[in-house]
Amino acid sequence: MNILITGATGFIGRHLVQRLKQDHHTIKVLSRDGVRASQKLGVPAYSWNYATEEVPAGALENIQMIIHLMGENLANGRWTNQRKREIYESRIISARKLVAAAPPSLECFLCASAIGIYPGQGGDIYDESYAVPEHGNFMQAICRDWEKEAANIESRGVRRVSIRTGIVLGDGGMLAKLLPIFKLGLGGPVGDGRQWLPWIHIHDLVSVYTTAALDTRYQGPVNAVSPNPIRYRDFATALGKVLHRPAFFTAPAFMLKLALGEAAALALNSYHIVPTKLMQTYGFEFKFTHLPAALENLFE
Ligand SMILES: NC(=O)c1ccc[n+]([C@@H]2O[C@H](COP(=O)([O-])OP(=O)(O)OC[C@H]3O[C@@H](n4cnc5c(N)ncnc54)[C@H](OP(=O)(O)O)[C@@H]3O)[C@@H](O)[C@H]2O)c1
């Protein structure tokens, strides 16, 4: 397939590009710096400033699929008003422009979304049947509008999947930012440690994307989290174990905030989320269903 990817130079994107290349797809990417992206990924790349420019026409030629991953990183510092706007617009305005520019050859639009669409409080278990409220918190508003923009492509008969991604474990993302804390032995539970952490191994997340790309049953929102979410205290113990570091000192919330900025809320809130559609509707097979095996794979 001819695939156009945004955010391809990021943590998830570079793993996805590697797999799609192995599977012999033809890839082009959109980046803020096309030259750097092309050198990094070894595929044709186009520079695009989503705020000031329309999508470059060459990037869209003969494209059958768009995979939209780009967005200002949530954990790159304090959420000033300006960064909040950038976090929002780099996802939503870009999605709007991609949908508006989609060529007639387009068959599928895969768009990142996040577990932040769920409330992150209380003891309820959430799956894709959750009715997203009109007035939620900041993360809910971002994810809701991101999904709405992507869903507009459906009026043109194009299949759309929004991948509501949990905390991705791999050589990037939140885990990379938390490692220094854990290496100091300070990665113990935050608060009472009972909050739920919806994780997914990068290998499985890439498989969700590549399967959703080809299997036309995939449609609408899809939770990409392992079938066995874990409480933060058990995550801390398992990670401390593979790193051979004790994890019994409580990590103060401010340390997480230092490492993750306001994105620390994603580790401090409680997200008990299950992958109902992946498991029951599509029969997706995870490679890593249990956290200890996932961490051993990443660290040993
Ligand atoms: N990693 C996770 O645990 C996780 C969980 C849930 C959802 N997600 C979502 O999945 C998507 C990919 O995640 P990731 O971890 O791979 O992200 P990432 O490593 O931060 O990469 C995102 C990419 O987006 C582009 N980008 C960054 N800031 C931008 C800005 N201000 N304007 C335009 N483009 C910008 C960059 O590409 P260029 O430099 O080439 O332009 C960057 O490589 C994101 O939308 C993220 O919110 C990730």
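A polar contact is a pair of N or O atoms within 3.5 Å; within protein, one must be able to donate a hydrogen and the other to accept it, and residues adjacent in sequence count only if both atoms are side-chain atoms. The structure is a predicted model, in which local features need pLDDT of at least 70, side-chain atom pairs count only at pLDDT 80 or more, and totals for chains, interfaces and linings use all residues. Residues are numbered from 1 along each chain as its sequence is written, and side-chain values use heavy atoms, with hydrogens and water left out.

An N or O atom in the side chain of arginine 36 lies 2.8 Å from an oxygen atom of the ligand. For the side chain of arginine 91, the distance from such an atom to a ligand oxygen is 2.8 Å, while a backbone N or O atom of glycine 10 is 3.1 Å from an oxygen atom of the ligand. On its own, the ligand has 890 Å² of accessible area (Shrake-Rupley method, 1.4 Å probe), and the protein covers 87% of this.

Attention can now turn to the pockets. A pocket is an open set of points on a 1 Å grid over the protein atoms alone, where a 1.4 Å probe fits, with protein on both sides within 12 Å along at least five of seven lines; lining residues have an atom within 4 Å of a point. The largest pocket holds about 1300 Å³ of space, the volume being that filled by probe spheres set on the points. Among its 45 lining residues, Gly71, Glu72, Asn73, Leu74 and Arg91 are the closest to its centre.
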